[in-house]
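Let us walk through one protein model.

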Amino acid sequence: MTDMSVMIGNLRLDSPVMPASGTFGDGLGQVMDIRRLGAIVTKTITRERRAGNPLPRVAETTGGMLNAIGIPSCGVEDFINRTLPHYTQWGTPLIVSISAPDAAGFATLARAVSIAGVDAIEANISCPNIEADGKAFAMEANATTKVVAALRAATDLPLWVKLTPNCHDMSVIARAAEAAGADAVVVANTILGMSIDTRTFRPRLGNVMGGLSGAAIKPIILRQTYQCARSVDIPVIGCGGITTADDAVEYMLAGAVAVQVGTASFINSLAMTDILDGLDRFCHARSITRVAALTGALRDATSPRCCDMDA
């Protein structure tokens, strides 16, 4: 049996597979053993109540989907009083995703959720920054440094920073997050896109533009994961188009310590445990005793061809 545990900084996960923020539904506990997941990543919460974007919020595309949810939220107090007790019932590490419009707001929210039952914070800095005319924090190194430094000063919990692929050079942003105190980076959020209904001549999303996720984006995010893993010393968590165990293996070979699964769970509610089963089979077939041995094990084109690995 493969040792499926991985370390993200000082946080031990029993497996390298977890949901991407916003894709974990409470009903999944009725169809899978949640305790098999490495962690539960919550839907992004905000300090205040938010209604989210206008309908429609989701549109299918070839190889994926567009979403413009707009981070609807019942606010941090509702999360602490009602949602947190529900999530802690499984005993699985809980990662709370947070969002705010400015660095001070991120710091305030991080302090509010730094409580018993929360194992780490995932800062969604892919969201608009009102201090930079609405650009996402993670589009610029200086903005990333400012918000991550504020977060680091506000909490002692492990701090994961979720980056955006909609930037010029993600490795520069990842290095800025690391220097400011991030314990890990999540690569990455969705790619900005849009779709038009040719029958009505109207956008398919009420917000016009939205984030593209699903299998179509995997080659792009896989490349960014590889580049970030070569640029920072902190763990990289891969997130983008992971549907099968082979997808997860690719991300780990490229340097990811763990992976997050999103759109695939909308298609197959057992996607995450299916990926875990597939990872176990993959390792067993190659006599790999620890799944963590896959991380960064990519061979370049000049390496000898061999199917065995030192475990």
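Leaving aside its neighbours within four places in sequence, Ser-21 is in contact with Val-41, Thr-42, Lys-43, Thr-44, Ser-97, Glu-122, Lys-162 and Gln-260. Contact here means heavy atoms within 4.5 Å. This is a predicted model: local features need pLDDT of at least 70, side-chain atom pairs count only at pLDDT 80 or more, and totals for chains, interfaces and linings use all residues. Residues are numbered from 1 along each chain as its sequence is written, and side-chain values use heavy atoms, with hydrogens and water left out.

Where is Ser-21 found? Ser-21 lies in the loop between β3 (17-19) and β4 (40-41). Strands are DSSP runs of E, at least two residues, and helices are runs of H or I, at least four, numbered from the N terminus. Ser-21 counts as buried because its relative accessibility is 16%; buried means under 20% relative accessible area (1.4 Å probe, protein chains only).

The side chain of Ser-21 makes a polar contact of 3.1 Å with that of Thr-44. Another, of 3.4 Å, joins the side chains of Ser-21 and Ser-97. A polar contact is a pair of N or O atoms within 3.5 Å; within protein, one must be able to donate a hydrogen and the other to accept it, and residues adjacent in sequence count only if both atoms are side-chain atoms.

Now turn to the helices. The axes of α4 (residues 170-180) and α5 (residues 218-229) come within 9 Å and cross at roughly 45 degrees. Axes are lines fitted to C-alpha atoms, for helices over the stretch in contact, and angles run from 0 to 180 degrees between N-to-C directions. The contact involves Met-170, Ser-171 and Ala-174 of α4, and Gln-224, Gln-227 and Cys-228 of α5.

Note on methods
Buried means under 20% relative accessible area, exposed over 50%, partly exposed in between (1.4 Å probe, protein chains only).
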